[in-house]
Amino acid sequence: MQTRWCLPFMWKAAIRKLRMGQLCGRCMQLLRDFMAFVQRMSSDLVQGIKECLTLISKCFCLKQNSSKASQLYKPILQPHERVTAQEFLQHIETGFEMSPIGRDPLEALRTLAFSENPGLQQSAALYYLHMSQHMNISLPVEHLEPFYALLRSADLEVQQMSSLSLVNFLLEGNIDKELVVQMGLLEPILDLLESEDATVQCNSCACTMTLAVSESNREAIGAAQGLTPLLSLANSYDPRVQQNAVGAILNLTQSEKIQQVLCKEGALPVLALLLESPDSEVQYYSCAALSNVAANVQYHEAMLRPSNRFLLRTLISLLSSSVDKVSSQACVCLRNLATSVDIQAEMVAEDVLPKLHALLASGSEDVRRASIALLWILSEHPHNQDTLACAELLQSLGMLLLAHKTDPVIVGHTACIIKNLSLSKNRQRIIESPCVEGLLQTMLSTNTEEDSLHYVTSCLAELAKQGATLHMVQWMDEPLTKCLVRLAGQLEHTEPSFQAASIIQHMIGHEKMMLLLKRHIRDIQAYLKNFLTHREIRFQQLGISTFCRLREDPEFLLEFRESQMAKLLEQLRQQTEETQELLRAAICQEDS
């Protein structure tokens with residue numbers, strides 16, 4: 001998630017002006033303010049401050065346009081503040097690089113931060129800002145205390161610099177986020193959301209957004225009434241403020257408690273309207289926030305009122321966005337909403353399928369995964385299956401498997417879709433499409449531990465049961481045959497093992513397949529023995545049927561005789577007869 005902050009965004013322009021001999025208005029005003037009170041100080045201190053400010057001006061210009069409002073009240077510099085300022089200046093000149101966060105600068109920072117003099121507060125704020133931008137160091141907890149006074153300052157420049165430095169520290173991970181709230185800084189941060197200055201609004205929104213990644217902080221923000229000003233700033237005309245406000249709302253929607261409050265506060269229509277923002281970041285944040293809310297079924301009625309399908313239509317239109325993360329997130333939101341047959345029917349009626357079809361060929365992994373997941377949800381309901389089983393989509397699904405056979409998400413969802421569609425009257429289209437080849441090839445690249453292998457073998461077994469064996473056999477070769485036999489023998493993976501053996505059983509009898517299987521007679525005998533002694537009846541039955549079909553071939557029959565397979569079958573017959581006798585006795589007793 002990207003965060004934008006505000007003070008130094010015109011550095012390059014300021015540097016160009018400085019080279020031309022033109023200082024920005026704010027820097028000129030800052031110099032005048034300093035000169036007003038340093039005249040009462042010693043000449044050495046005045047010279048030192050001038051040199052300090054010269055160095056700062058070479059680094060950046062804090063603001064392009066200064067506030068023209070002059071202070072009516074200028075506090076007199078207290079003696080202890082004068083001493084502290086002088087010592088702090090000496091520290092900047094001699095010891096900053098050695099100990100920027102040591103005990104001595106901390107005491108000076110406290111004095112400057114809690115001073116009534118805005119010039120001294122600005123010095124403290126500048127110090128923090130410089131540290132946050134140029135030094136990647138963790139800030140000790142005691143250094144958070146001066147932030148309270150700086151964020152509460154009546155001086156706009158101090159608010160801007162201190163809020164920006166806090167954003168920088170948070171983004172770099174140099175301040176513990178929970179500790180910021182525990183130290184009482186959340187209240188002044190949220191108060192700054194209501195500032196009239198866009199820079200302060202932007203920075204305080206960024207602070208809130210960063211703090212809201214923590215569950216405890218999300219609850220604290222909600223309890224401190226921070227949601228209302230964020231919703232208000234989500235409609236800001238300043239794009240920087242709007243981005244960070246919506247980003248903060250996105251992070252807050254990860255909490256179910258906050259979701260409830262946001263919905264009561266009227267967040268849903270605000271977020272829905274923001275989907276049409278010209279800013280792709282705002283679109284993404286608002287769409288992701290709606291996705292989080294849509295994961296909770298209780299809000300679906302409010303999100304999809306029958307009288308207004310604006311949200312559904314807008315999300316479907318975002319599938320065509322040129323920004324990958326926006327189209328991907330729109331898929332996620334639609335998938336979360338597609339929990340009922342009626343909503344799915346409306347999606348299909350709004351031409352969602354052609355857009356999803358186009359997304360399958362996206363160069364973005366996230367987009368491909370999100371679109372195939374939504375297609376899977378739609379394929380589960382029978383009334384969508386005939387529409388989905390069109391030749392164009394099946395062609396794309398087959399090519400998708402062949403191109404991304406190592407992606408477990410793509411493979412798993414695609415296999416599930418094909419299996420769902422195979423139950424429709426259009427299964428012949430599937431058999432004639434590249435889907436069969438794609439499913440077979442994925443078995444060679446899929447790890448046995450992956451759930452996607454179960455979906456692939458299950459789908460192929462279903463297709464074989466429905467008469468696709470002839471088409472499957474034409475794609476079979478030595479590596480695929482070896483893979484199927486190996487899977488059938490791995491009983492620790494129950495479902496892939498059973499489904500692989502089922503596929504083999506259905507392909508027995510085809511001349512090409514028999515030639516391939518004869519190269520693996522011993523391995524086939526091994527898994528058949530395990531099947532015949534398996535505790536599950538379905539394995540025993542599959543083992544028997546496979547044995548019966550294979551023994552019609554002379555070579556297999558000879559091998560079976562030598563391996564004493566007949567003895568295993570006789571033992572199984574005796575066990576079955578004993579079981580039948582016990583069942584007859586139990587039934588007779590029940591009848592009597």
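K518 is partly exposed because its relative accessibility is 24% (buried means under 20% relative accessible area, exposed over 50%, partly exposed in between, with a 1.4 Å probe and protein chains only). Keep in mind that this is a predicted model, where local features need pLDDT of at least 70, side-chain atom pairs count only at pLDDT 80 or more, and totals for chains, interfaces and linings use all residues. Residues are numbered from 1 along each chain as its sequence is written, and side-chain values use heavy atoms, with hydrogens and water left out.

**Salt bridges**
- The whole structure has 15 salt bridges (a side-chain nitrogen of Lys or Arg within 4 Å of a carboxyl oxygen of Asp or Glu).
- One of them pairs K518 with E555, with the closest N and O atoms 3.5 Å apart.
- That pair links distant parts of the chain, 37 residues apart: K518 sits in the loop between α33 (511–517) and α34 (521–532), and E555 in helix α36 (residues 554–562) (helices are DSSP runs of H or I, at least four residues, numbered from the N terminus).
- E555 comes out as partly exposed, at 43% relative accessibility.
- R152 and D191 also meet in a salt bridge, at 2.5 Å from N to O.
- R152, E187 and D191 are linked in a network of salt bridges.

- E215 and R218 form a salt bridge at 2.8 Å, N to O.
- Both lie in helix α12 (residues 215–223), 3 residues apart, about one turn of the helix.
- R218 is buried, with a relative accessible area of 6%, while E215 is partly exposed at 35%.

**A buried serine**
- S422 lies in helix α26 (residues 408–422) and counts as buried at 0% relative accessibility.

How values were computed
Helix = DSSP H or I, 4+ residues; strand = E, 2+ residues; numbered from the N terminus.
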